[in-house]
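Visitor: I am new to protein models. Could you show me how to read one, feature by feature?

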Amino acid sequence: MRAAPVRRRALLHAAAFGAAVVLPVVALAVVVRGGSGAVVTFDEAVVRAATDLTRESDALRTALIAWQEAAAARWVNLILVPVVCVWAWRRHGLGDRALWAAGTVAAGWVLQLAAKGIVQRARPVIEDAVARAPGSSFPSGHATNASVVAVTLTLLVWPVLGRRGRVVVPAAAVAFVLLTAADRVLLGVHYPSDVVGGVLLGAAIAGASYVGYRRTAAGTPIDDQLDPTGSTP
C-alpha cells in the first residue's frame, strides 16, 4: 500500500531536481533561438577561432574526427553502457541499479533528440568547414549523451568502488565529457552554448532520474543500495 505514495514522492523530488537544472538550459535555448545578443556573438567568434586552430593541424583534425566517431551514441550507448551494466549486475549483484542505468541512458538519448527538434537552431556556417554534421545544433547530442552516460555510469558503479576508484572514475567521466564538448566546437559543428546546454541537460536527466530512483528505493529493502562499507551512496 505504501508503494504508490513512495513513487509519487519520488517523482516529485525527481521533477524538482530536474527543473532546477533544466531552467538554465531553457533560458539558454531562448537566447540562442533569438539569433542575436552577446551569447550568439561570443558563439560565432569562438567557433571561428576554434576551426582556424583545427585547420592548421591535420593531426588534430584526424584526432577530433576519430573522437567524434568513438563518442557517438551508437557505440557508447549500445556497447559500452550494456557491457558496464551487465558487469555490475553479474559481478556485483547490482541488478536494480543496472536496469536504472540502462533506462536512464535510453531516456536521455530520446530526450536530447526531442530537445533538438524543439529548438531547431541552425548549425554553424563556416567557410572551408572542418567537418559537417546533420540535424540541428542546440543542444549538442554528443555533449548531452556524454553527460548522461558519464553521470549515470559513475553512479551505477559507485557502491563497488574503493577509495582510489572514487577519484579515478569521476575524473575519467569529467574528462570524457570535456573532451567530447571540445571536440564539437573545434570541429565547428556546434557552438559553445550548444555543448554547455548539452552538458547541463545531460546532468539534469541523469540526476533527476537518480533522485527518483533513490527515493523509490528508500521505501523498499533493496540490498544493492549498500556500498561495501554498509552506507548508501
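Predicted model: local features only at pLDDT ≥ 70, side-chain atom pairs only at ≥ 80, totals over all residues.

Visitor: In which helix is Ser147 found?

Guide: Ser147 is in helix H6.

Visitor: Which residues does Ser147 touch, leaving aside those up to four places away in sequence?

Guide: Ser147 touches Val177, Gly198, Val199, Gly202 and Ala203.

Visitor: Now the confidence. What is the mean pLDDT of the protein chain?

Guide: The mean is 84. Of the residues, 82% reach 70 or more.

Visitor: Where does pLDDT stay under 50?

Guide: Look at residues 219-232. The model has 25 contacts beyond four places in sequence for that stretch.

Visitor: Next, the overall fold. How many helices and how many strands are there in the protein chain?

Guide: Count 8 helices and 0 strands. Along the sequence the pattern reads α-α-α-α-α-α-α-α.

Visitor: What share of the residues is buried?

Guide: Buried residues make up 43% of the 233 in the protein chain. The accessible surface comes to about 12100 Å². Carbon and sulfur atoms own 68% of that surface.

Visitor: What about contacts between residues 24 or more positions apart?

Guide: They account for 77% of the chain's contacts with a separation of 6 or more.

Visitor: Now helix packing. How do I read the angle between two helices?

Guide: Compare their N-to-C directions. Over 145 degrees counts as roughly antiparallel. Take helix H4, residues 73-92, and H5: they pack at about 170 degrees, with axes 8 Å apart. H4 is therefore roughly antiparallel to H5.

Visitor: Which residues of H4 and H5 meet?

Guide: From H4, the list is Ala73, Arg74, Asn77, Leu78, Val81, Cys85 and Trp89. From H5, they meet Gly95, Ala98, Leu99, Ala101, Ala102, Val105 and Trp109.

Visitor: At what angle do H5 and H6 pack?

Guide: Helix H5 covers residues 95-119 and helix H6 covers residues 141-157. Their angle is about 165 degrees, and their axes are 10 Å apart. So H5 and H6 are roughly antiparallel as well.

Visitor: Is the crossing of H5 and H6 left-handed or right-handed?

Guide: The crossing is right-handed. Among the H5 residues in this packing are Trp100, Thr104 and Gly108. The H6 residues there include Thr144, Val148 and Thr152.

Visitor: And H6 with helix H7? How close do their axes come?

Guide: The axes come within 9 Å and cross at roughly 175 degrees. That makes H6 roughly antiparallel to H7. Ser147 returns here, as one of the H6 residues in the packing, along with Ala143 and Ala146. On the H7 side, the residues include Ala173, Phe176 and Val177.

Visitor: Where does Pro139 lie?

Guide: Pro139 is also in the loop between H5 and H6. Check the peptide bond from Phe138 to Pro139: it is cis, with omega near -5 degrees.

Visitor: One more loop. Is Leu161 buried or exposed?

Guide: Leu161 counts as buried, because its relative accessibility is 17%. Its place is in the loop between H6 and helix H7, residues 165-186. Not counting residues up to four places away in sequence, Leu161 touches Arg166 and Val169.

Methods. Residues numbered from 1 in each chain as written. Heavy atoms only, no water. pLDDT = per-residue confidence, 0-100. Contact = heavy atoms within 4.5 Å. Helix = DSSP H or I, 4+ residues; strand = E, 2+ residues; numbered from the N terminus. Buried < 20%, exposed > 50% of the residue type's maximum accessible area, 1.4 Å probe, protein only. Areas by Shrake-Rupley, 256 points an atom, 1.4 Å probe, with all protein chains shown as cover. Axes fitted to C-alpha atoms, helices over the stretch in contact; angles between N-to-C directions. Parallel < 35°, antiparallel > 145°, perpendicular 65-115°, else oblique. Left-handed = near helix turned anticlockwise from the far one by under 90°.
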